[in-house]
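Hi there,

Here is the structure I promised to send over.

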Amino acid sequence: MTAAVAEADLAASILASLITAPTDRVLFRQDDVTVTAGRVRAAAAALADVLEAELPDEARAPGEIPASIGDSSIPASPADSEAVYHYSRTLSGTAVALLAASHLGRPLMMLPQTGERYCASIGASPRHCAGDFGDFGHVTDVNTIMATLPAGISDAPEGFFAGTERQVPVVGFYTSGSTGTPKLVAKPFACFEEESRYWAARLKGDIDSVLGTVSHQHIYGFLFRFAMPLLTGIAARERATLSWDGIREQLGHRTLLVSGPAHLSRLLAEDPWPLPPALVLSSGGPLAFEDITRAHAVLGSPPMEILGSTETGGVAWRQRRQQDDPWTALDTVSVARGDDGALLVDSPYVPDSGFFAMGDGVDFESDGRFRLTGRLDDIVKLEGKRVSLARVEASLKALPEVRDAAVLVTRNGARERLGAIVELHEAGQLTLADSGAFRLARKLMRDIGNAIEPIERPRRWRFLGHVPVSSQGKRDRQALARVFEEPRLIERLGAAITIVSPFRAELRFTAAADLPWFDGHFPGNPILPGVSQVHMATRLAEELWGVQPASFDVNRMKFNRVIRPGNSVLLSLSFRADTRRLDFRFTAGDELASSGTIG
């Protein structure tokens with residue numbers, strides 16, 4: 001991850017935390033000026049009104065009035081929701097890119113009557129979309145689609161979106177799978193209608209509202225946070241709720257929580273919630289069993305995992321009480337095993353009839369339930385020998401120190417070697433803090449030696465707080481490869497490290513003028529930005545101990561003086577494993593520069 005991308009991700013996390021922060025939370029105080037989260041949101045709303053007033057009429061939907069930013073949960077009508085969007089006509093159909101998906105309802109409801117085709121591209125940037133839509137049209141700004149879910153557009157008769165041969169209208173998803181290269185998957189909305197009505201019937205009487213942590217850009221988030229509420233009238237929050245504190249505050253008596261492995265892994269062990277969700281759903285990848293156990297204790301029941309893909313929609317479900325409980329196919333879906341061992345799916349949620357091969361190996365039980373045996377495309381060749389990446393990963397995850405692992409082929413000079421990205425349990429983090437990365441890697445390599453062949457042993461290692469995934473919760477091989485391509489920050493800084501105690505360390509370094517964070521901040525008078533200091537503290541803690549804070553909320557943040565090129569810097573770090581909070585303190589020379597708590 002480049003410094004610029006990392007800073008952008010951190011900034012996005014901080015902004016997301018700001019959206020969910022209590023109105024009276026104090027963000028900054030100096031002399032007699034106090035800035036709260038509510039004051040910042042009010043200023044943002046005023047700015048939005050000014051910018052919107054400048055928006056040309058052709059950029060607004062016909063008949064819609066300008067919108068404003070507010071704290072309302074569910075818009076009563078598209079005119080009450082949170083954003084402006086572009087509405088454009090093409091020769092071949094209608095293309096819409098939205099900030100608020102409540103605006104999607106009216107044009108979507110009209111299309112079956114006009115016979116036009118609608119396509120919203122989800123999950124990719126505009127440069128990936130240009131020219132890809134063919135006869136679907138062209139979307140100009142796909143990242144502005146935001147799933148704000150309306151109530152009151154639920155009176156469409158069943159089968160309303162079936163269209164002619166189920167082809168009108170169409171929704172396009174960009175999915176990268178494990179390759180990192182966006183691929184367009186276009187599906188008729190009729191497929192979403194059928195799947196939405198299946199889940200609505202299955203959950204009828206158990207839920208009356210939806211709360212989600214999953215992006216609408218994921219097909220799973222789109223289904224539960226937009227399509228099902230749109231068609232059934234079930235109330236749903238406009239925006240994904242990103243913090244567990246925010247989730248707890250917003251739960252109702254019969255709320256469905258739509259989440260995923262990355263978010264559930266960050267749920268802290270605590271007393272059971274007095275008002276838990278009616279049901280927790282998880283999709284996008286398998287849950288670690290310890291996360292299931294913790295969620296069961298805190299949230300009242302084990303999450304229901306949903307197996308599926310962008311192409312197939314939902315395929316199967318399970319609520320595990322044991323580590324290896326099998327999957328059960330949805331009532332509307334048929335599954336089989338192909339000649340090559342692949343899982344085959346025949347589903348009404350797939351546009352084409354017949355079986356679709358998912359690419360996962362499968363073994364069936366006598367009662368029709370099944371277990372996945374790993375990706376069939378995870379076989380690589382090293383030095384002329386076949387190596388199963390899934391087998392190496394499974395061997396690593398069986399070790400007591402390892403929570404999760406990703407294994408990939410890396411190039412070191414002219415030679416290809418296996419690299420392992422490892423997420424550690426707390427015991428492994430303590431070993432890393434005590435022994436260092438080199439000794440821990442040697443130990444893990446010895447411990448898996450009897451389970452795999454010598455050629456399968458990883459030779460390059462990185463210990464991270466979390467195995468990197470995309471915004472859709474999928475592993476991105478390009479992102480994984482970048483972990484090995486970029487130097488560690490400790491090496492980049494040339495930092496001298498003093499381990500004070502487990503999870504406490506001091507790093508001394510000189511703020512070199514060529515550090516990327518000085519670039520542009522500011523021309524002729526460079527200083528190290530505060531957000532970069534937060535990023536550096538987080539990344540260095542991850543490199544030292546393989547940890548990440550519970551969130552990127554920054555508390556008790558103080559800036560006392562600036563850090564300039566050439567300054568001698570002392571960074572003190574302290575990680576609290578019980579709360580997963582990271583305390584940091586930058587000192588420049590003999591003066592405190594900044595301090596705060598992340599998590």
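Aspartate 291 is buried, at 2% relative accessibility (buried means under 20% relative accessible area, exposed over 50% and partly exposed in between, with a 1.4 Å probe and protein chains only). Before going on, please note that this is a predicted model, in which local features need pLDDT of at least 70 and side-chain atom pairs count only at pLDDT 80 or more, while totals for chains, interfaces and linings use all residues. Residues are numbered from 1 along each chain as its sequence is written, and side-chain values use heavy atoms, with hydrogens and water left out.

Aspartate 291 forms a salt bridge with arginine 294, their closest N and O atoms being 2.6 Å apart (a salt bridge is a side-chain nitrogen of Lys or Arg within 4 Å of a carboxyl oxygen of Asp or Glu). Both residues lie in helix α9 (residues 289-299), three residues apart, about one turn of the helix. Helices here are DSSP runs of H or I with at least four residues, and strands are runs of E with at least two, numbered from the N terminus. Arginine 294 is also buried, with a relative accessible area of 17%. Glu290, Asp291, Arg294, Arg403 and Glu423 are linked in a network of salt bridges. In the whole structure, the search finds 24 salt bridges.

Another of these joins lysine 443 to glutamate 401, with the closest N and O atoms 2.6 Å apart. This pair links distant parts of the chain, 42 residues apart: lysine 443 is in helix α12, and glutamate 401 is in the loop between α10 (389-397) and β22 (402-412). Lysine 443 is partly exposed at 27% relative accessibility, whereas glutamate 401 is buried at 9%.

In helix α15, arginine 539 and glutamate 543 lie four residues apart, about one turn of the helix. Their side chains meet in a salt bridge (3.5 Å, N to O), and both residues are buried.

Now for the backbone. Most residues other than glycine have a negative phi, and most peptide bonds are trans. Phenylalanine 503, in the loop between β25 (496-501) and β26, has a positive phi of about 65° although it is not a glycine. Arginine 580 has a positive phi of about 55° and is found in the loop between β28 (568-576) and β29 (581-588). The peptide bond from histidine 521 to phenylalanine 522 is cis, with omega near 0°.

Best wishes
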